[in-house]
Amino acid sequence: MPAPLPTTKLTAHAMPELAHRMSLVKSSAVREILKVTERPEIISFAGGLPAPELFPVEAIAAAHTAVLSSDGAAALQYSTTEGYRPLREAIANRLNQQGSHTIADAILITNGSQQGIDLVAKVLLNPGDAVIVENPSYLAALQAMSAYEAEFVVVESDENGMVVEELENILLTHQPKMLYVVPNFNNPTGRTLSLERRKALVRLAQRHRFYILEDDPYGELRFRGERVPSLASLDTQGVVVSLGTFSKTFAPGLRIGWLSGPESFVRSLAVAKQSSDLHTSSLSQRVVEHLLRTFDYEGHIEKIRTSYGKRAQAMLDVLAETMPTGAKWSRPDGGMFIWVELPEDVDAEKLLAEAITQKVAFVPGNSFFANDQKRNFIRLNYSNQSETKIREGITRLAALLPNLSTSR
Ligand code: PMP
């Protein structure tokens, strides 16, 4: 008998086809690009990666040692789907200090906020159900909701975030089940939803009875201006479900996020999570809870804010010096991204192919548009490169653009 082939050489010939829903989920352009940009010689503005030199590696190592020596067996055992209670309490306390009114029982620990998006879509959406999204929107949320066959209805956004005035008109003809929004330092635009619009949005959700899924991974990373109250803190009727994460403040590799919402809805989400992964890592949950108790979390976030603020400013400065007339970009007050609108005749995917030859990368903006994709936008990440590399990379990128002018 011939030796079995290695798995990579096997083909799925004449085997059952993948489920219909898989054709609805496009493989992420970001993920494909990240493969190329992992090469060390490339200055990548493509990934949504935090600055790795700011990961509190030693504190995380010490927290693992402390948890394993004091509580090792429980930290390595199966646990409840809802999550480690002291961590849920610590999260509830922090949210309440920021104006929310939640309790540990209304919090579900998730594998990053990404799992929260998936669970809400799984629990709520039947094929063809309407979901309102900003235009543009976070790509991996669009993918997660596509898998449940959502019908996207888009609302444009401007420098104050989603244009809620436009939503009022949409609601005359559509009855959505949910609306997905990234209110602070949006991915990909870097923009923040204004307080007036937040209030109006919550009022609309209460009147038209749909859930708002408030995805807020970046809210803690404000380096300019005043914090704007969360949608959850403005809600008195249980229409808001909020997602948070320690990915951008501790490290994404821990995969600890949370979901907070009306208690009965959170119970349904816990049922959905149970069949998906039983629970989030018992060890990582205890490590994060230990860190919140013993580590200078505020001081650490302040370091991240300072660093990202400088990097954002470096990118804004070099964009202003090098980009041609006709290009426009957002001015984020926090988070990790700048959204650039290039002159209309520039195709961002073609620009990327050229940029890779110059050892620079970014994400073409088209895949962030749920429906009609615009081709002349790019997303730039500034958190993962030094100020020097930012200058060098943006200068190289701008040199590729036609009609180069320094008139701005
Ligand atoms: N939502 C948004 C808007 C994001 O940008 C990200 C990370 N790229 C996530 C959710 C997922 O983050 P995590 O699962 O690591 O918490």
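# Cavity, ligand and ring pairs

User: How many cavities of 30 Å³ or more does the rule count here?
Analyst: The count comes to 1 cavity of 30 Å³ or more. This is a predicted model, where local features need pLDDT of at least 70 and side-chain atom pairs need 80 or more, while totals for chains, interfaces and linings use all residues. Residues are numbered from 1 along each chain as its sequence is written, and side-chain values use heavy atoms, leaving out hydrogens and water.

User: What makes a space a cavity, and what volume does the largest one have?
Analyst: On a 1 Å grid over the protein atoms alone, a cavity is a set of points where a 1.4 Å probe fits but cannot get out. Its volume is the space filled by probe spheres set on the points, which are joined across faces, edges and corners. For the largest cavity, that's about 50 Å³.

User: Which residues line the largest cavity?
Analyst: Lining residues have an atom within 4 Å of a point. Among them are Pro50, Phe55, Lys248, Phe250 and Tyr308. By class, the lining has 8 nonpolar, 3 polar and 1 charged residues. Here Ala, Val, Leu, Ile, Met, Phe, Trp, Tyr, Cys and Pro count as nonpolar, Asp, Glu, Lys and Arg as charged, and the others, Gly among them, as polar.

User: Which residues come nearest to the ligand?
Analyst: Ser113, Asp215, Tyr218, Thr245 and Ser247 do, out of 14 residues around the ligand. To be near, a residue needs a heavy atom within 4 Å of the molecule. That shell divides into 5 nonpolar, 6 polar and 3 charged residues. Helix 4 (residues 112-124) gives the largest share, 3 residues; helices (H or I, at least four residues) and strands (E, at least two) are DSSP runs numbered from the N terminus.

User: Why is the Phe223 and Tyr382 pair called edge-to-face?
Analyst: Rings of Phe, Tyr and Trp (its six-membered ring) pair if their centres lie within 6.5 Å; planes under 30 degrees apart are stacked, over 60 edge-to-face and the rest tilted. The whole structure has 12 aromatic pairs. For Phe223 and Tyr382 the centres are 6.4 Å apart and the planes at 70°, so the pair is edge-to-face. The two residues sit 159 residues apart, and the pair links distant parts of the chain.

User: Which residues does a cis peptide bond join, with omega about 0°?
Analyst: Asn135 and Pro136. Pro136 sits in the loop between strand 3 (130-135) and helix 5 (139-146).

Definitions and conventions
1 Å grid on protein atoms, 1.4 Å probe; cavity = no way out; pocket = protein on both sides within 12 Å on 5 of 7 lines; lining within 4 Å.
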